[in-house]
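I opened this model to look up its pockets, cavities and nonpolar cores. My notes follow in the order I made them.

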Amino acid sequence: IEMSICSVHFLLCLLLCGQQAIATLSPDSKSKSKHKESKFLRGPQDSDVFDLDLVSSEPLPKDILMNQEAYYKDTALRHFNGTTLGYVTPWNSHGYDVAKIFAKKFDIISPVWLQIVKQGKDYRVAGTHDIDAGWLTDVRRKGKVQQQPQMRTVKVFPRIIFDHFTDRDIKLLLSDAKERSRLNEVLIKTCKEHSFDGLVLEVWSQLAGRIDDQILFTLVLQMVKELQKQQLRLILVIPPQRKDTPNLFGEKHLDKLYKHVYAFSLMTYDFSSLQRPGANAPLYWVRKAVEHMAPLGCHDMETKRAKILLGLNMYGYDYTPDGGGPITFGQYLELVRHVKKHLTFDERDIENFFEIKTETGRHIVFYPTLHSVNERIKLAKELGTGISIWELGQGLNYFYDLL
């Protein structure tokens, strides 16, 4: 994976070599803090981020801190009309609130609740204890939108993964159609019991490259067919093209599946890593990931691209001399308070970052901003794709004004 621009290389060298950082801790007096706190905006507002001119390529930390908890009062207003999916996890409770507040901006909510497990010869769906029926009712109620000729509401497709399957379990499942039907019966039963509209299946990244593509096609297509008989739909999670794994999912795979699978959740994030620090999802790479599967001018391009849900990360990364790790909004806000000037803009990757020195050491932080999120939404509009957000509750509230 290549780094973004020379300036990022330079900053990372400074960081990892232990030289002086660009920004320093900015201690405010108690009186100043109280004064600033009074200006912080929270909850519904009469103006959105566009009216307030907050969508800037080089935002000021004070503008982020003062406005990030606010959002435009008309939460039914949509700027993006493609299919929009939002993931919610049980370990991030704020995501449950975000899904309710902005329900009308989403077509699909995908709670990360379920796992397929093997018990002896039987299949079972684990994680059902996390299912919150009251919350599901609230989300559907708040997600109702009048569309001629009838009312529509947000759909619920929980994500499901294969958990603790041995190679023998996988081999049996992939080689035996009756075995797959037994599994699908368990999945259908779970969907019917909890009034789900379908499932988001995450299996391709785990098995692609290890087994023949044709076997994976068979697994997915049989599941699609048996779910469809019960008016249930399947969304398939797919990996983006990378230099080290260029052929896990490409044009030939999309050609085979797009007429059958409801949508494809494309994981266009985690471009960089602790081993190779940098941007979370460079814009040029996100574009290439879509064009790799559905090139300009390919057969049925518009239909194919409309089914691709371009992944948007709502989390960031904090890189430190010890490595660092992913961060969500709370950690980000603590770090951005220490920045004295505007955030640096990476013109190639179209992301913002900053470097600081605090009592805990030196940090280089990449995290979404209004501008970086908006540019990816604009790219989705240009390419004709949908959007999938990982995950609700990790980002800042005012990001949803952009959708």
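I began with the lining of the second largest pocket in this predicted model, and sorted its residues into eight nonpolar, three polar and five charged. I count 16 lining residues, and those nearest the pocket centre are Ser-205, Pro-239, Pro-240, Arg-242 and Met-267. I note a volume of about 270 Å³ for the second largest pocket.

I find four cavities of 30 Å³ or more. The largest cavity holds about 80 Å³. Its lining divides into five nonpolar, three polar and two charged residues, including Asn-280, Glu-351, Tyr-367 and Arg-376. I looked up which elements give two or more residues to this lining, and they are β14 (308-313) and α14 (370-383). The largest share, three residues, is from α14.

Then I looked at the cores. The largest nonpolar core has 104 residues, and I list Leu-236 and Tyr-332 as the members that touch the most others. Helix α9 (residues 213-228) contributes seven residues, the most to this core. I recorded the contacts of Leu-236 outside four places in sequence, and among them are Leu-201, Trp-204, Val-220, Phe-249 and Phe-264.

Last, I checked confidence. The average pLDDT is 91 for the protein, and 90% of the residues score at least 70. Residues 1-38 have a pLDDT below 50, and I note 65 contacts of this stretch in the model beyond near neighbours in sequence.

Conventions: Residues are numbered from 1 along each chain as its sequence is written. This is a predicted model: local features need pLDDT of at least 70, side-chain atom pairs count only at pLDDT 80 or more; totals for chains, interfaces and linings use all residues. Side-chain values use heavy atoms; hydrogens and water are left out. pLDDT is the predictor's confidence in each residue, from 0 to 100. Contact means heavy atoms within 4.5 Å. On a 1 Å grid over the protein atoms alone, a cavity is a set of points where a 1.4 Å probe fits but cannot get out, and a pocket is an open set with protein on both sides within 12 Å along at least five of seven lines; lining residues have an atom within 4 Å of a point. Grid points are joined across faces, edges and corners, and a volume is the space filled by probe spheres set on the points. Ala, Val, Leu, Ile, Met, Phe, Trp, Tyr, Cys and Pro count as nonpolar, Asp, Glu, Lys and Arg as charged, and the others, Gly among them, as polar. A nonpolar core is a set of buried Ala, Val, Leu, Ile, Met, Phe, Trp, Tyr and Cys residues joined through side-chain atoms within 4.5 Å. Buried means under 20% relative accessible area, exposed over 50%, partly exposed in between (1.4 Å probe, protein chains only). Helices (H or I, at least four residues) and strands (E, at least two) are DSSP runs, numbered from the N terminus.
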